[in-house]
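Here is a short tour to follow with the structure open beside you. Take it one topic at a time and find each part as you read.

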Amino acid sequence: MSKFLNFIFITIFFISCQNHPSNNFDNYINTVAGPISIDSMGLTLIHEHMLVDFIGADSINSGRWNRDSVEQKVLPFLLEIKQYGVQSILDCTPSYLAKDPLLLKSLSEKSGIQILTNTGFYGAVGGKYLPDFVQTESAEQLADRWIAEFENGIEGTSIKPGFIKISVNEADTLSLIDQKLVKAAGITHQKTGLTIASHTGTWRTAVQEVRILQEMGVNPSEFVWVHAQNEPDFENYKVAAEMGVWISLDGIGWAIDPYVDRLIFAKENGILGNVLISHDAGWYDPAKAGGGDFQPFTNIFEKLIPILNGKGFTEKDWDLLLKENPKSAFSIYK
Ligand SMILES: [Zn+2]
């Protein structure tokens, strides 16, 4: 009898282990405070930064910044945007550029804003932010590292990534390292359901990433074309949208005019449903005195929305751009 009970217990144990991840939501997202239903995301800024250190993968270490000082600097900017209804922020600082999940967790607790962090590596700037093992490991081995963060938590914490963030160098033909990063992201997506956001720029580069993913059987709707504002030919936004790619117009913290033109084009061509917007603003920089000048997360609310409302944008458009699209783009389906 006891052997039989043992068998039952072991079977139940294995079934519950395979039923990862452990939450009760059908469509969900991982915040730094744990999983939430995707419907709790609310108004979301999909690309911002609390902390970035540009020293490079060979020199970076968490001793370069003091969490309390970073918090003191960043917290007022998070509290500031609560008046605009911001409920969630995707922090896009990758590993080896000062991704600090415990800092994000503390900022989330103190501000009341849900913050998401990421897994993945940053290949742009000629690989300055890639650790040496990326040269020799396979896409599968890199993916194993990222999947482990999803399953067990990041850097010994229980904090899990809410999305994959990679980056590649602009090129007519993606470098072998960048191709490997894209493949690793594809594998990680297939194992975890996490959406892939890739710092890219122009469509000539982004489309190569999409093709690699398609060859692996990953739907383009799982891919976010980060910094798509760098694309000069607006017709390519239509091509990307037709494929289902998410077009991320995400530098609004630094300029307004290029976004006005692009968003009007997107609305007129019926592709707003494929567009994401954010500021790419922040951040505390440990190399600068006091963390340097912090760019606030407010231009969308204080500048872009009034300008575009004067050109026919409606509440429905903003709901799509700031609530519905982030939900659809980053939801993890069980
Ligand atoms: Zn960024």
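In this predicted model, three strands make up an open sheet, and their order is β3-β4-β5. The pairing is parallel. Strands of a sheet pair through backbone hydrogen bonds, either parallel or antiparallel.

**The sheet**
- The edges are formed by β3 (44-48) and β5 (114-116), each of which pairs on one side only.
- From one strand to the next, the twist averages 20 degrees.
- Strand β4 (residues 88-91) is joined to β5 by three bridges.

- Helix α11 (residues 315-330) lies across β3 and β4.
- This helix, α11, runs at about 65 degrees to β3.

**The largest pocket**
- Its volume is about 350 Å³.
- The lining has 20 residues, and S95, Y96, K99, E149 and E155 are the closest to the centre.
- Both α3 (101-111) and α5 (139-152) supply at least two residues of this lining.
- Which helix gives the largest share of the lining? That is α5, with three residues.
- Sorted by class, the lining of the largest pocket has nine nonpolar, six charged and five polar residues.

**The second largest pocket**
- This pocket has a volume of about 190 Å³.
- Its lining is made of 16 residues, and H49, F54, Y122, H199 and D280 lie nearest the centre.
- The lining of the second largest pocket divides into nine nonpolar, five polar and two charged residues.

Conventions: Residues are numbered from 1 along each chain as its sequence is written. This is a predicted model: local features need pLDDT of at least 70, side-chain atom pairs count only at pLDDT 80 or more; totals for chains, interfaces and linings use all residues. Side-chain values use heavy atoms; hydrogens and water are left out. Two strands pair if DSSP finds at least two bridges between them. Helices (H or I, at least four residues) and strands (E, at least two) are DSSP runs, numbered from the N terminus. Axes are lines fitted to C-alpha atoms, for helices over the stretch in contact, and angles run from 0 to 180 degrees between N-to-C directions. Contact means heavy atoms within 4.5 Å. On a 1 Å grid over the protein atoms alone, a cavity is a set of points where a 1.4 Å probe fits but cannot get out, and a pocket is an open set with protein on both sides within 12 Å along at least five of seven lines; lining residues have an atom within 4 Å of a point. Grid points are joined across faces, edges and corners, and a volume is the space filled by probe spheres set on the points. Ala, Val, Leu, Ile, Met, Phe, Trp, Tyr, Cys and Pro count as nonpolar, Asp, Glu, Lys and Arg as charged, and the others, Gly among them, as polar.
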